[in-house]
Amino acid sequence: MPDASSTVLVIDDDAELRASVGRLLRSVGVTVQLFGSIAEFLRSDPPDGPTCLVLDVRLPGQSGLDLQRELAEANRELPIIFVTGHGDIPMSVQAMKRGAIEFLTKPYRDQDLLEAIQLGLFRDRARRENEKELVDLRERFGSLSPREREIMIQVARGRLSKQIAHDIGIAEATVKVHRSRGMQKMKAGSLPELGRMADKLKLVPDKPQSS
């Protein structure tokens with residue numbers, strides 16, 4: 001199972017089932033937070049590390065599907081595993097279309113729940129790592145001088161040093177100096193790597209589709 005920094009959030013109004021899930025997850029070394037209602041969950045502080053949510057569909061007041069929609073509208077990306085004792089096909093299709101990891105009908109096998117949680121935590125960890133990498137890239141790009149940024153963008157677009165020099169009216173040797181400094185600051189070991197960084201930063205516009 002995932003590392004100790006991971007947390008599983010469980011929302012279920014069935015106290016006995018909630019406690020049972022808590023015991024199961026703790027038995028495999030997973031940190032768990034248990035909530036009896038969506039309101040209780042919303043009052044809590046989100047965990048810092050990889051997280052996923054085990055969510056009952058039918059809850060007093062607000063439903064699990066309502067919460068899924070609200071989280072999406074708030075751009076809070078949280079992998080969700082739905083569990084229900086009253087599921088139906090349209091409900092499960094709706095949940096999965098909105099990005100749910102799994103839709104389990106009670107009583108479900110412990111192994112099915114654990115496998116779904118493992119997948120949810122894996123996806124959230126990957127998302128967090130991608131976001132961190134993007135923040136780092138933005139910081140590196142922000143450290144470039146205006147001229148270095150201009151030249152890095154042109155290089156990422158596939159322009160040669162002599163073409164860049166002609167376009168902006170400076171010596172080719174000067175372009176090469178700026179390019180070298182820019183690649184060092186970006187920590188790009190090659191032009192293809194710089195190109196991948198530029199794609200993540202959306203520095204190069206997408207090529208128009210040919211008709």
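Biologist: How far apart are the end C-alpha atoms of residues 137–202, and what makes up that span?

Modeller: Those end C-alpha atoms lie 11 Å apart, and the span is 77% helix and 0% strand. Helices (H or I, at least four residues) and strands (E, at least two) are DSSP runs, numbered from the N terminus. The UniProt annotation "domain: HTH luxR-type", from an unreviewed entry, covers residues 137–202. UniProt positions follow the numbering used here, feature names are shortened, and annotations may be inferred rather than shown by experiment.

Biologist: How should I read the values and numbers here?

Modeller: This is a predicted model, where local features need pLDDT of at least 70 and side-chain atom pairs count only at pLDDT 80 or more, while totals for chains, interfaces and linings use all residues. Residues are numbered from 1 along each chain as its sequence is written, and side-chain values use heavy atoms, with hydrogens and water left out.

Biologist: UniProt also lists a residue for "modified residue: 4-aspartylphosphate"; which one is it?

Modeller: That unreviewed entry lists Asp 56, which is found in strand E3 (residues 51–56).

Biologist: What kind of peptide bond joins Lys 106 and Pro 107?

Modeller: A cis one, with omega about -5 degrees. Most peptide bonds are trans. Pro 107 is placed in the loop between strand E5 (102–105) and H5.

Biologist: How does the reach of helix H1 (residues 15–27) compare with what is expected?

Modeller: The expected span of a helix is 1.5 Å times one less than its number of residues. H1 has 13 residues and reaches 18 Å from its first C-alpha to its last, close to the 18 Å expected.

Biologist: How do you know where the buried residues of H1 lie around its axis?

Modeller: In H1, Arg 18, Val 21, Gly 22, Leu 24 and Leu 25 are buried. Their arc, taken from the directions from the helix axis to the C-beta atoms, is within 165 degrees, so the buried residues line one face of H1. On the other side of H1, Glu 16, Arg 23 and Ser 27 are exposed.

Biologist: Which residues of helix H4 (residues 89–97) are buried?

Modeller: Met 91, Ser 92 and Ala 95 are buried in H4. They cover an arc of only 95 degrees around the axis, which puts them on the same side of H4. On the other side of H4, Ile 89, Pro 90 and Lys 97 are exposed.

Notes:
Buried means under 20% relative accessible area, exposed over 50%, partly exposed in between (1.4 Å probe, protein chains only).
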